[in-house]
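Subject: The structure we talked about

Hi,

Here is the structure I promised to pass on to you. Have a look through it first, and then read on for my notes on what turned up.

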Amino acid sequence: MARSSTLNVAVIGVGRMGADHVRRIQEVVSGARVSAVVDADAERASAVAARAGGCAAYTDPAAALAAADVDAVLVASSSPAHEAALLAALAHDLPVLCEKPLTPDPASALRVLEAEQRLGRRRIQVGFMRRYDPEYVRLEQLLRTGRLGRPLLLHHRHRNVSAPPGWASELLITDSLVHEMDVTRWLLGQEITAVTVLRPTPSRDAADGIQDPQFVVLETDGGVIADAEIFVNCGFGYQVQAEAVCERGTARVGDGHAMVTQTAGRWGGTIAQDYLERFEDAYDRELRAWIDSVRHGTATGPTAWDGYAAAAVCAAGVRSLTEGGRVEVELPERPALYG
Ligand code: ISE
């Protein structure tokens, strides 16, 4: 595709996340336009298409991807639908930004990884947007300089106000904590080798039978121990924090102290209420980087391998949650394409 021309993006899945990406492509970033929206719900597809300047609306991803004016694909459908959309995009040799998780389990992630390898070039970027959050970027850069010495421990906290209705205990791992699986690998440049999920008394605000919160311990091949609290019914706000404990100091991100007010004998600030608010800037940067890379014919950002590795760690986590104990992560050699 020519560098100067506008990138035509088909957005598959226009629920909350997908519709926000449509808005972002149309109103926030430059160099791209939404040429098609796809949703199993025809009314929703038409409504979002109308808001996006009257682009084409489809219910079938295959029909949308066969259209002549599609240069790239953004997948934001529910995670069980990712595999089919990704395989269709690869069959058309189209670049894809796929919301996390790549797919819900390692077997389907492996099928996607193998299809991309057969194509012989990287076409998939996974939407691990923390890698674009300015605070997380600074933390990664600091760790890479080695100024604090080697990282020894990582502490993650991941809290949501409330879980959507029907949420299952394993989704705390595969849908929420998958971010920490990725960010741990990325911050450290190490693979996660084992997962242990501990089960504190569930909050009375969690739905019946839901294990919330969970406390997860990750071990890496570089000897770092990372712990992660995941609590999706904390009630008070959306918080994502990380602290690296290194040989010569610590570094922490996500305190959210953008502005502190002092008035009437009190001091304080506000807490974001959801991920679209907390990570707005990260989503914008992620999308800009993806559009730039596609327009320049390059591939950047989290790869399908990163998506697969995170899925493998999550699968170990789900086993630990359901069977108890420490579960080792089964990860094959990293394929040459992702070297
Ligand atoms: C959601 O899909 C996200 O990606 C959020 O970052 C995470 O906090 C939330 O738990 C997920 O459901």
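Predicted model: local features only at pLDDT ≥ 70, side-chain atom pairs only at ≥ 80, totals over all residues.

You will find aspartate 93 in the loop between α4 and β5. Its backbone deserves a look too: aspartate 93 has a positive phi of about 55°, although it is not a glycine. Most residues other than glycine have a negative phi.

Alanine 264 is another non-glycine residue with a positive phi, here about 50°. It sits in the loop between β13 (261-263) and β14 (266-268). Is alanine 264 buried or exposed? With a relative accessibility of 74%, alanine 264 counts as exposed.

Staying with the backbone, there are two cis peptide bonds to show you. Most peptide bonds are trans. The bond from lysine 100 to proline 101 is cis, with omega near -10°, and proline 101 belongs to the loop between β5 (96-99) and α5 (106-119). A cis peptide bond also joins aspartate 212 and proline 213, with omega about 10°. Proline 213 is placed in the loop between β8 (192-198) and β9 (214-220).

Lysine 100 comes up again at the ligand. Which residues surround the ligand? They are Lys100, Met129, His158, Asn160, Trp167, Asp175, Ser176, His179, Tyr238 and Tyr275. An oxygen atom of the ligand lies 2.6 Å from an N or O atom in the side chain of histidine 158. For the side chain of aspartate 175, the distance from a ligand oxygen to an N or O atom is 2.6 Å, and for the side chain of tyrosine 238 it is 2.7 Å. On its own the ligand has 300 Å² of accessible area, and the protein covers 89% of that.

Now for the overall layout. The protein chain is divided into domain 1 (7-130 + 281-303) and domain 2 (134-277 + 310-338). Taken over C-alpha atoms, the centres of domain 1 and domain 2 are 26 Å apart. Where the domains meet, 23 residues of domain 1 are in contact with 22 residues of domain 2.

The largest nonpolar core has 80 residues, and Val73, Ile124 and Val195 touch the most other members. Helix α10 (residues 304-323) supplies the largest share of this core, 12 residues. Because domain 1 and domain 2 both give residues to this core, it lies between them.

One last stop is serine 77, in the loop between β4 (72-75) and α4 (82-91). Serine 77 is buried, because its relative accessible area is 19% and the cut-off for buried is under 20%. Apart from its neighbours within four places in sequence, serine 77 is in contact with Ile12, Gly13 and His82.

Happy browsing, and write back with any questions!

Best wishes

Definitions and conventions
Residues numbered from 1 in each chain as written. Heavy atoms only, no water. Helix = DSSP H or I, 4+ residues; strand = E, 2+ residues; numbered from the N terminus. Buried < 20%, exposed > 50% of the residue type's maximum accessible area, 1.4 Å probe, protein only. Contact = heavy atoms within 4.5 Å. Core = buried A, V, L, I, M, F, W, Y, C linked by side-chain atoms within 4.5 Å. Domains from an automatic or database assignment. Near = heavy atom within 4 Å. Polar contact = N/O pair within 3.5 Å; in protein donor to acceptor, adjacent residues only side chain to side chain. Areas by Shrake-Rupley, 256 points an atom, 1.4 Å probe, with all protein chains shown as cover.
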